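Subject: Structure handover

Hi,

Here is the structure I promised to pass on. Please open it next to this email; my notes follow below.

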Amino acid sequence: MIRRQPVSATADHAEERTSLAARLGFQPEQVVQEIGFDDDVDQELRSAIEEVIGSELMDEEYDDVADAVVLWFRDDDGDLTDALVDATTYVEEGGAVLLLTPKTGRDGYVEPSDIAEAVTTAGLSQTKGISVGKDWSGTKLATPKTAAKKR
């Protein structure tokens, strides 16, 4: 006799029950620094991250090392490579940078080719792209880990 276990029709159903912030890798008690905050940011995403980490996001004045950095970047914010390099100075070795850019057709849209070039030049690696709201796209970036010391 075959016994069948009830399962969800798709993995999407389980994902819907998991916070976007948790799916992006944020964890309780992390220190997360936010760079590029302005009136146009996605408040729902900010709230979701704060709920997962259990505290407020640190602003640009935070002067210690963070576990992760959330970087809101628009086309007119200057040089993306410089912004990414600066962001890596705020995050611990091996930590993540979540680059958030406006979606296609929105003010401040950044071309994917510009993002790819800046990520490579800054020495980061792209691990995940995700829609984070109606106006913003996210690109999760990993900072390099230093090579393990030889024995």
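Start with Leu 84. Its relative accessible area is 0%, so Leu 84 counts as buried, the cut-off being under 20%. Keep in mind that this is a predicted model.

Leu 84 sits in helix H4, which covers residues 80-90. What does Leu 84 touch beyond residues up to four places away in sequence? The contacts are Leu 71, Val 97, Leu 99, Ala 118, Val 119, Ala 122, Leu 124 and Leu 141. Take Ala 118 from that list. In sequence, 34 residues separate Ala 118 from Leu 84. In space, their C-alpha atoms are 7.6 Å apart.

Now the helix as a whole.

Five strands make up an open sheet with mixed pairing. The order is S1-S2-S3-S5-S4. Which strands are at the edges? They are S1 (32-35) and S4 (125-131), and each of them pairs on one side only. On average, neighbouring strands in this sheet are turned by 20° against each other, ignoring direction.

S3 spans residues 91-102 and S5 spans residues 136-142. The two run antiparallel, joined by seven bridges. Within this pair, Leu 100 stands opposite Gly 138 of S5.

Best wishes

Notes. Residues are numbered from 1 along each chain as its sequence is written. This is a predicted model: local features need pLDDT of at least 70, side-chain atom pairs count only at pLDDT 80 or more; totals for chains, interfaces and linings use all residues. Side-chain values use heavy atoms; hydrogens and water are left out. Helices (H or I, at least four residues) and strands (E, at least two) are DSSP runs, numbered from the N terminus. Buried means under 20% relative accessible area, exposed over 50%, partly exposed in between (1.4 Å probe, protein chains only). Contact means heavy atoms within 4.5 Å. Two strands pair if DSSP finds at least two bridges between them. Axes are lines fitted to C-alpha atoms, for helices over the stretch in contact, and angles run from 0 to 180 degrees between N-to-C directions.
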